[in-house]
Amino acid sequence: MTKETFPYSYKVNAARVVDKDERVTVTPDEASLKAIAKTYELDGIRDLKADFLLKPYRKAGLRVVGPLTGTLEQTCVVSLEPFESKLKIDVDRTFEPQSSRPRKASDLNEDGEIEIDLETLDPPDVILDGVLDLGAVICEELALTLDPFPRKPGVEFEGGDGEDESAGEEPEAKPSPFAALQALKDQTDS
């Protein structure tokens, strides 16, 4: 994670999870819910709750696992009606302290570029100054999951640019290519 600003922050000391798992429940207050909704262009957030299990990861890292649930208030892009949608995200992310050692030469290809295999797991995010911001994790996961064009369940787009003038008329019958060949054959036979 970078030093971006998020509308909600819930910081935990990463060093306190050393040899055993720790359960953390994060529930933003009303003002925080309004700030998150405004940032991500939602009509509102009725409730938002994260039940995270913090697990030790490698030497000084953390693994954050657990569900993020909530009720979002959005506007349908088709009908422009407000509606509620349920949110359930299964979070599974890893974090490590920022490494002071440079990348190994084996991480780079012959052009000096880093190659990324899309089939492998994501590399761990960075823990900054020994503090992990679970609020930022919640905001990132929410932002990545939101549909940019939300639709109310059961609503479908119907119509086009206007009325189709030829809707009442029967389409012209196009001659079959085989009928044209038959006409040519009949001409040669006569």
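This is a predicted model: local features need pLDDT of at least 70, side-chain atom pairs count only at pLDDT 80 or more; totals for chains, interfaces and linings use all residues.
## The sheet

Strand 5 and strand 6 run parallel and are joined by 3 bridges. Strands here are DSSP runs (E, at least two residues), as helices are (H or I, at least four residues), and both are numbered from the N terminus.

Residues are numbered from 1 along each chain as its sequence is written, and side-chain values use heavy atoms, with hydrogens and water left out.

The open sheet has 5 strands in the order 2-3-4-5-6, with mixed pairing; two strands pair if DSSP finds at least two bridges between them. Strand 2 and strand 6 (125-127) are at the edges with a single partner strand each, so one side of each has no neighbour in the sheet. On average, neighbouring strands of this sheet are turned by 25° against each other, direction ignored.

Contact means heavy atoms within 4.5 Å.

The largest nonpolar core has 32 residues, and Ile45, Phe52 and Leu134 have the most contacts inside it. Among the elements that each supply at least two residues of this core are helix 1 (30-39), strand 3 (44-57) and helix 2 (134-145). Such a core is a set of buried Ala, Val, Leu, Ile, Met, Phe, Trp, Tyr and Cys residues joined through side-chain atoms within 4.5 Å. Beyond four places in sequence, phenylalanine 52 touches residues including Val24, Val64, Val91, Leu134 and Ile138.

## Two buried residues

Cysteine 76 lies in the loop between strand 4 and strand 5. Cysteine 76 counts as buried because its relative accessibility is 0%; buried means under 20% relative accessible area, exposed over 50%, partly exposed in between (1.4 Å probe, protein chains only). Proline 150 is 74 residues from cysteine 76 in sequence, yet the two are 5.4 Å apart in space, C-alpha to C-alpha.

Serine 85 is in strand 5 and is buried, with a relative accessible area of 18%. Its side chain makes a polar contact with the side chain of glutamine 74 (3.0 Å). A polar contact is a pair of N or O atoms within 3.5 Å; within protein, one must be able to donate a hydrogen and the other to accept it, and residues adjacent in sequence count only if both atoms are side-chain atoms.

Definitions and conventions
Axes are lines fitted to C-alpha atoms, for helices over the stretch in contact, and angles run from 0 to 180 degrees between N-to-C directions.
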